[in-house]
Amino acid sequence: MTIQFEHVEPPSETTVLVERVARLRSSMEWASEAIPVGVREEVRATIERCDQRLAMGVDFTVVALAGGTGSGKSSLFNAIVGREFAVPGVARPTTSHVSAAVWGDRADALLDWLEVSPDRRLGREIDQLDSDDEATLSGMVLLDLPDHDSINAANREIVDRIVPMADLLLWVVDPQKYADHALHQFYLKAASERDRPSLVVLNHVDRLSTEDAWAVARDLQRLLAVDGLTQVPVMPVSARTGHGLDILRAELAGAVSARTVAAEAVRSDLVSAGRSLAGALAKDADPQLPDVDELIAALARAAGVDARADAAAARARGAHGDLSSTWRAPVHTVERERLDWIDAATEGLPVAWRQVVSEAVEGAADLARRIEESLEDAHWPTIEPVHGWRALFGKPAAASSARKRTLEVGRDAVRREVLPAVLEPTETIHQAYRALDELTELDQEGAA
């Protein structure tokens, strides 16, 4: 027979992220009580957002045009699209809708998720009037957001909702308001902290001399560095004249064609969640399971298994041994062993994790009852004293064998209850801890 090996492709970045999000969700279900409420809500929102974005696939790249009043977002949107679609000018301060243009196939599910109204969607089909490089934008979903500094609170809420959902943020600023405190403090700095893929466009440079335009660009670059966006370039553009538009479109085409921006946006969300979680975890802690055989032996002894084993050994030697045991596992003894287990299982972890393990592990009263019932139902070995000439030399061996067999049956009965009631919940909590801890290390992975 010829052995054939099937080539298995390595997991894609998307597959890895899907698995990581699934582990994070499972971990939070088990260990959420060990996480501060504020962090817990943030992480759960991140899980939901990443889950939904990955479910949409990463074939489309969502690019959001964000900026303040007068920055010229809609004019820039039109310039990139090459069609008049959004309404620039006087309507901008009160515009409260998100407009979307899609290059290539329809992206209705994605736009539904982004809550873009059907009448604000434009399918950007390539025609003979387009240049040859228009197809390089295939797969891009371009959004024109309301102004982040709108006096209308509902507009700001739309911006705050969509910004975390976008794969690439295209921040549009104008020469007069590029240093706006709200933009830098609440958006650009936050984008840096969350490692959100970003581009910054200095629009309306046609209103400045070349010297002044570069001076503003340099100062804006300095402010971005203060925000932490040291790797984000400033791109001087004029939506009105088309200056710099070809460079901007080339940047967008590169991001879209790489098909990694959406995955990188999800990864940055997970990095941010990991940073938030770090405070709920202990640095360099690696939870270890205590010796479960030791716990089983102690609980079996407390319930009377060892006493029955001694009686079995005595009967095998020909002495009186009472094997009519009534099983009693004292709750206070079970609780002591249970607490010792929890202490050992959470050594080195924050205090909150001890409570999580304690709640996951079976309570002492129920565990004692389960052990007693399991011992009652066990198939105990039949022990008969040795007779005749064998008794002269075989008593020690027979007694040892009887004791061993009885201990095995009793401890196996206890093991059947301890594994699902104590060991497995503890293992699950440890796995949850490690999955969350793994998330805190994503930042270092990216730096490496």
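Select Arg196, Pro197, Ser198, Gln231 and Val232: of the 14 residues that line the largest pocket, these lie nearest its centre. A pocket here is an open set of points on a 1 Å grid over the protein atoms alone, with protein on both sides within 12 Å along at least five of seven lines, and lining residues have an atom within 4 Å of a point. The volume is about 330 Å³, taken as the space filled by probe spheres set on the points, with grid points joined across faces, edges and corners. By class, the lining has 5 nonpolar, 6 polar and 3 charged residues. Ala, Val, Leu, Ile, Met, Phe, Trp, Tyr, Cys and Pro count as nonpolar, Asp, Glu, Lys and Arg as charged, and the others, Gly among them, as polar.

The model is predicted: local features need pLDDT of at least 70, side-chain atom pairs count only at pLDDT 80 or more, and totals for chains, interfaces and linings use all residues. Residues are numbered from 1 along each chain as its sequence is written, and side-chain values use heavy atoms, with hydrogens and water left out.

Next, go to the second largest pocket, with about 270 Å³ of space. It is lined by 16 residues, and Asp160, Val163, Pro164, Ala190 and Arg194 are the closest to its centre. Colour α2 (37-55), β5 (168-173) and α6 (181-193), the elements that each give two or more residues to this lining. Helices (H or I, at least four residues) and strands (E, at least two) are DSSP runs, numbered from the N terminus. The lining of the second largest pocket divides into 9 nonpolar, 1 polar and 6 charged residues.

A cavity is a set of grid points where a 1.4 Å probe fits but cannot get out, and the whole structure has 3 cavities of 30 Å³ or more. The largest cavity has a volume of about 70 Å³; to find it, select its lining residues, among them Gly68, His148, Asp174, Lys177 and Tyr178. Its lining has 4 nonpolar, 4 polar and 4 charged residues.

For the second largest cavity, of about 60 Å³, select lining residues including Arg49, Trp113, Pro164, Arg196 and Asp269. Here α2 and α9 each supply at least two lining residues. The lining has 7 nonpolar, no polar and 5 charged residues.

Two backbone positions come next. Most residues other than glycine have a negative phi. Select Glu115, in the loop between α4 (108-113) and β3 (121-124): its phi is positive, about 60°, although it is not a glycine. Then select Asp284, in the loop between α9 (261-277) and α10 (292-303), where phi is near 65°. Are these side chains' residues buried or exposed? Glu115 counts as exposed because its relative accessibility is 54%, and Asp284 counts as exposed at 68%. Buried means under 20% relative accessible area, exposed over 50%, and partly exposed in between (1.4 Å probe, protein chains only).

Finally, colour by pLDDT, the predictor's confidence in each residue, from 0 to 100. The mean is 85, and 89% of residues reach 70 or more. Residues 1-11 are below 50, with 1 contact beyond near neighbours in sequence; contact means heavy atoms within 4.5 Å. Residues 86-94 also stay under 50, with 21 contacts beyond four places in sequence. Where pLDDT is low, the predicted coordinates should not be read in detail.
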